[in-house]
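Grab the viewer and follow along.

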Amino acid sequence: MLFVICGGVWAVYPVVFSISIFCGMFHCTVTALLSIFTIASYCLASFKSAGAPPGIRWGSYPMVGKNDLENYTFCTYCSKPKPPRAHHCRSCKTCVIDMDHHCRNCVGASNHQAFVIFLISVVTSCSYAAIMTIYASYLIWPPLEFPNVSSYGQMGSKKVLMEIITSVASSAFFLSARGIILVYLAFASLSVNAGIAVLLCQQLSLIYEGNTYLSHISSPTDIHGEKGLRNLVRFFGCPYPLSRLLLGYTNTGKSQNNSGSKLL
Ligand SMILES: [Zn+2]
Ligand SMILES: [Zn+2]
């Protein structure tokens, strides 16, 4: 990890600053903001409690009010009632509300939002790193040679493509150490980005469906909460004007569709 950070700073910064001071300062600001955002969301997702169920009085009839334990089941590990939408985590040895999964820390109702924001910031950071490393590689890449460029008109597209690939591959032998590290970082950030982006899409689609990963596995057809854009807006705690705009827009779309179908 330290190699990637130091390599990235050493390989990209001199190239970006060579374009202009403004580009360099802009790059410094963006990387600092993305780093702070990623580290802060990682710490929140890793160290915040996942969401233990609230303590509830239980026992014989006089202690428990009517309907107090409605839809509750009994957790044999904790030896106490388990609320609906809670799962017992054997690693944490406790029940967790809306448990999604366990990796280092449990991800549940309290830190699920931080986990998804962490995934978004990783995807954004990796995309930015990939763009900057590819752009810096392009700037310092050795000049390409095309010996048969005059006969490209008579050659097929396959042959032209092969000529270009051969020219790029042969020029890569003259790459400097900085260029080699840039190419490595570009491939590394693209591959990490692909993996995390798949995970993020899965998480967003589960939230859209009103489900968690564990609930989805245990009962794929059940919906455990609100569904659709409304659930995404609630999940991210969008400020009122934005949520009103998003939900108002979808409601308008729905009402227009309804009025359209009535007319038909
Ligand atoms: Zn339990
Ligand atoms: Zn756990």
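A: Start with F26, which counts as partly exposed at 48% relative accessibility. Buried means under 20% relative accessible area, exposed over 50%, and partly exposed in between (1.4 Å probe, protein chains only). Before we go on: this is a predicted model, where local features need pLDDT of at least 70, side-chain atom pairs count only at pLDDT 80 or more, and totals for chains, interfaces and linings use all residues. Residues are numbered from 1 along each chain as its sequence is written, chains are lettered from A and ligands numbered from 1 in the order in which they are written, and side-chain values use heavy atoms, with hydrogens and water left out.

Q: And is F22 buried or exposed?

A: F22 is exposed, with a relative accessible area of 65%.

Q: How do I read a ring pair?

A: A pair of aromatic rings is described by the distance of the centres and the angle of the planes. Rings of Phe, Tyr and Trp (its six-membered ring) pair if their centres lie within 6.5 Å; planes under 30 degrees apart count as stacked, over 60 as edge-to-face and the rest as tilted. The count here comes to four aromatic pairs.

Q: Why is the pair of Y13 and F17 tilted?

A: Their ring centres are 6.4 Å apart and the planes of Y13 and F17 sit at 35°, so the pair is tilted. Both lie in helix 1 (residues 2-19), four residues apart, about one turn of the helix. F17 is partly exposed, at 30% relative accessibility.

Q: What about F22 and F26?

A: Those centres are also 6.4 Å apart, but the planes of F22 and F26 are at 25°, so this pair is stacked.

Methods. Helix = DSSP H or I, 4+ residues; strand = E, 2+ residues; numbered from the N terminus.
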